[in-house]
Amino acid sequence: MTNAIVAEGLVKKYGTVKALDGLSLAVPEGTVLGLLGPNGAGKTTTVRVLTTLLRPDAGRAVVAGYDVVRDAKRLRSHIGASGQYAAVDDHLTGAENLEMVGRLYHLGTRRSKQRARELLERFDLTEAADRPVRGYSGGMRRRIDLAGALVADPPVLFLDEPTTGLDPRARASLWDIIGELVQGGTTVLLTTQYLEEADRLADRIAVVDHGRVIAQGTADELKDQVGGDRVELTLTSAADLETVRRGLAALATGEPQIDRTALRITIPVANGAASLTTALGYLAAERVAVRDAGLRRPTLDDVFLALTGHEADENTTTTKEKVA
Amino acid sequence: MNALQMALADGITITKRNALKIRRAPDLLGGVVMLPIIFVLLFAYVFGSMIDLPGISYKEYLLPGIFVQTIVTSAQITGYTLTQDLQKGIFDRFRTLPMAPSAVLTGQTISDLLMNMASIVIMGLVGLLVGWRINSSPGEALLGFLLLVLFAYAFSWVTATVALALRTPEVFNNIATLVSLPMVFLSNAFVDSSRLPGPLQAVAEWNPVSTFVQATRELFGNTNPAMPVPAAWPLQHAVTASLLWSALLLVVFVPLATRLYKRAVSA
Ligand SMILES: Nc1ncnc2c1ncn2[C@@H]1O[C@H](COP(=O)(O)OP(=O)(O)O)[C@@H](O)[C@H]1O
Ligand SMILES: [Mg+2]
């Protein structure tokens, strides 16, 4: 299978901050790569380099067979991009926005109008088509922006945090749309801070932190990297958490996690069902009251924590401090 | 499509986009229609009633100054719009499209030029209402309007350059006001520059705003014998000097704005 997107050793510095620090990735044609990382990890910078908006300081990248620096001009007819911040004109209507993009792809006036109508219909925006975008909801703006990226039916698509800031319903509707696109054979590079989103939409996931890919694979492969199942116990009293942690230390294959507000302790274990039985037996013997007990597969949150040493939703400042 | 055809076609697309924006944005539309009306009425009556000159209508003398001043203000819309667009993602979208990059600035300045032409027409009409008269030949009058249009276009590129260097709407607005106010008031637009104290007089006489005002006065036949033209070369040869200024502004600021645009969007 040929790769639609290849990046090798991309470096981009902003003063002393290394936004990209030797980032490499490859996306086979017709697949979806989820670029997963916390705020400030370098996701947007990666997308900007791959969509010709930014020249890397070092490294190279080839998209749809074109070098992003040397063949930038020709590459632009073969990619679509929808940014982290919707790139639409507030004062123009949805239809006018899309028609303008069509004309700038040099599709001609008639074809541009026709394409705009097709996309508006597909994205469920027909009713809002002739209203200025400034009155659109957040979800509608994201949809019209995504539609803009699809005007020329590009074989490679870049979506930078397509659902950040959307409510769950708008997010679900956008997920459906992206899912359909992928069915149609478009190669997609999608960035996200949401583990759930990468899990649901991407064939493969590349975890980025500090401008570098620190792990990649399918969601299952990544989960396997952090070991087996988790025994998750929700107690009724915070005082018991510590007791249980010590009592079940022999069972744990890694550091147990304690969430004091949820009164929950999560213990990585080797053989799931047997460990759960042991744990419950211990709780019964010690007369520790339990609200909930269960076994679960590691989530991408666990992956993240294991790989980076910090939670996925840590904010930018924390990440920056670590860079410095 | 060759490069030139593409630049033209894309320039027209962006011009149309901006024209639609101007029609839909109340603040911009207010600038086109209200600003020239308010400026003409306010300055004509406030200054026009204060100063009494023997044998000549001060309003006639004053109106060309108001025209130029209004253009200095409304050409700032080019810069302001660019800073606003810079803050949104729209230039990113443009840059991932296979369009001519030059189209963004040519489209912007041309749509603003159309807007400024509308505002020049409105100013002229309101001017006629308050007592301004054209006392020259139709050819000269036409040249007068063309000169105002040329000034508007060249000055748009100046504000575009400043905007692309400063990048945020608030900073741009502050700096633009800070620079344009003295530019207009340290000129012959509203006062007789020969009555200013020495150093200020030199500034006023070499100020390009004065050159354009003097040229417009001459072309509309609004010169005032009670206020003789100072000896400074740009005022003695105001029409030629205005054309030179326009050419100079375009030659310097078109490439400069283009370079700053590239830098501003590739950060
Ligand atoms: N234009 C810029 N100037 C200075 N620093 C920047 C700029 N763009 C990004 N950065 C820095 O580069 C790092 C990566 O940013 P970004 O790619 O936007 O991360 P993400 O999209 O993953 O949140 C961050 O530390 C950010 O502060
Ligand atoms: Mg980002």
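Biologist: Which element gives the largest share of the shell around ligand 1?

Modeller: In this predicted model, H1(A) does, with 3 residues. The shell has 12 residues, the closest including Gly40(A), Lys43(A) and Thr45(A).

Biologist: What makes Thr45(A) a polar contact of ligand 1?

Modeller: A polar side-chain atom of Thr45(A) lies 2.5 Å from an oxygen atom of ligand 1. The cut-off for such a pair is 3.5 Å, so the pair counts. The side chain of Thr44(A) has an N or O atom 2.7 Å from an oxygen atom of ligand 1, and for Lys43(A) a backbone N or O atom lies at 2.8 Å from one.

Biologist: How much of ligand 1 does the protein bury?

Modeller: Taken alone, ligand 1 exposes 560 Å², and the protein buries 71% of that.

Biologist: Why is the pair Arg48(A) and Asp92(B) called a salt bridge?

Modeller: The closest N and O atoms of the two residues are 2.7 Å apart. The rule asks for a side-chain nitrogen of Lys or Arg within 4 Å of a carboxyl oxygen of Asp or Glu, so the pair qualifies. The count between chain A and chain B is 5 salt bridges.

Biologist: Which element supplies the largest share of the side of chain A that touches chain B?

Modeller: H3(A) supplies it, with 5 residues. That side divides into 15 nonpolar, 8 polar and 7 charged residues.

Biologist: What area do chain A and chain B bury between them?

Modeller: They bury about 2500 Å², 60% of it on carbon and sulfur atoms. In chain A, Leu53(A), Leu104(A) and His106(A) lose the most area to chain B, together 26% of what that side buries.

Terms used:
Residues numbered from 1 in each chain as written. Chains lettered and ligands numbered in written order. Predicted model: local features only at pLDDT ≥ 70, side-chain atom pairs only at ≥ 80, totals over all residues. Heavy atoms only, no water. Near = heavy atom within 4 Å. Polar contact = N/O pair within 3.5 Å; in protein donor to acceptor, adjacent residues only side chain to side chain. Areas by Shrake-Rupley, 256 points an atom, 1.4 Å probe, with all protein chains shown as cover. Helix = DSSP H or I, 4+ residues; strand = E, 2+ residues; numbered from the N terminus. Buried area = accessible area lost by both parts, 1.4 Å probe. Nonpolar A, V, L, I, M, F, W, Y, C, P; charged D, E, K, R; others polar.
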